[in-house]
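Me: I am new to this structure, and I would like to learn how to read its features step by step. Could we go through them together?

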Amino acid sequence: MHIGFLGLGNMGGPMASNLLKAGHQLSVFDLSSQAVAELAEQGAQACDSLQTLVTGAPDIFISMLPAAAHVKGVYLGDDGVIQQLRKPTLLIDCSTIDPHSAREVAQAAQEAGHRMLDAPVSGGTSGAQAGTLTFMVGGSPEDLAQAQPVLEAMGKNITHCGDNGNGQVAKVANNMLLGISMIGVAEAMALGVSLGMDAKVLASIINTSSGRCWSSEINNPYPEVLEHAPANRGYSGGFGTDLMLKDLGLATEAAGLAKQPVMLGAAAQQLYQAFSLQGNGTLDFSAIIKLYLKE
Ligand code: NAD
């Protein structure tokens with residue numbers, strides 16, 4: 001299987017690396033020549049332009065780009081990937097973008113004779129490196145069946161979410177809940193400690209009671225509760241506040257188009273927005289608890 005891979009950043013780089021390890025023939029391109037060189041050292045064919053990547057006629061084309069503007073910019077238009085690739089090619093966009101844009105690109109791809117899946121991921125950079133990502137896939141079951149062995153080289157859980165765009169729907173719904181639940185845990189932890197409880201004891205009660213969730217158990221925002229959580233190392237590493245903010249923006253934008261109220265999602269977005277504006281955008285999103293802690 002010859003795979004073309006576009007976008008070798010924090011996520012795409014290790015994902016492409018795992019495809020090589022699984023024995024796939026891989027051609028790569030990124031705007032960063034250093035990122036391309038790193039993959040070439042591992043055995044990928046380096047392309048010096050997007051044009052070279054697409055005219056190399058891969059069987060499967062994968063992209064991992066920052067946002068919808070980049071995805072649309074690359075795929076659409078007369079000189080875009082959709083028009084330039086050999087038809088039919090199976091296109092897999094793993095970027096996190098809004099469902100509306102994912103459907104627009106998939107429709108353009110299908111009208112041009114290609115097949116397309118949206119396959120956003122969760123699991124972060126550590127999951128990308130370990131090859132244990134979760135893929136949320138939108139598109140036809142037949143196309144997913146063809147993509148399955150390729151996705152399995154990069155991930156552990158691969159779930160079909162329905163038609164095109166539904167992978168992105170699953171991703172934005174999950175991450176909106178994550179953003180909200182983190183604020184809820186921060187508020188509860190700060191209240192309990194302020195009323196006199198020990199933070200570790202409170203966390204252990206929550207984690208064996210009905211308030212338990214990923215934000216309380218795996219990434220508790222209160223300092224010194226969990227040894228390996230970002231809260232215990234100045235909120236460095238982890239999932240950045242600005243990345244959470246991007247995902248909440250996608251959720252509220254999609255909700256607006258669907259005329260679907262997301263009261264808590266919108267409130268969470270505003271809280272992370274204000275927090276980012278105070279210079280905290282690169283801190284793990286659990287640092288939102290700083291809004292609550294007394295000095
Ligand atoms: P990143 O910024 O590290 O990487 C993006 C890469 O795309 C960069 O190397 C950039 O040079 C390249 N790029 C941009 N435009 C390009 C173009 N026109 N042609 C070629 N290359 C181009 O981002 P990332 O952290 O790898 O995230 C990628 C996607 O994955 C985003 O949509 C993000 O929301 C999502 N995501 C990230 C994480 C995470 O923890 N970082 C987790 C889950 C999902």
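Me: How many residues of domain 1 are in contact with how many residues of domain 2?

Reply: Please keep in mind that this is a predicted model. Contacts between two parts are counted from C-beta atoms within 7 Å of each other, and here nine residues of domain 1 are in contact with ten residues of domain 2. On the side of domain 1 that touches domain 2, the classes are four nonpolar, four polar and one charged.

Me: Which residues are closest to the ligand, and which domains does the shell around the ligand draw on?

Reply: A shell is read by listing the residues around a molecule, and here 27 residues surround the ligand, with G7, G9, N10, M11 and T96 the closest. Two or more residues of the shell come from each of α4, β7, α7 and α12, while domain 1 and domain 2 each supply at least three. By class, the shell holds 14 nonpolar, eleven polar and two charged residues.

Me: Do strands β8 and β9 run parallel or antiparallel?

Reply: Strand β8, residues 133–138, and strand β9, residues 155–162, run parallel and are joined by six bridges, with V137 having H160 of β9 as its bridge partner.

Technical notes. Residues numbered from 1 in each chain as written. Predicted model: local features only at pLDDT ≥ 70, side-chain atom pairs only at ≥ 80, totals over all residues. Pairing = 2+ DSSP bridges. Helix = DSSP H or I, 4+ residues; strand = E, 2+ residues; numbered from the N terminus. Near = placed C-beta within 6 Å. Nonpolar A, V, L, I, M, F, W, Y, C, P; charged D, E, K, R; others polar. Domains from an automatic or database assignment.
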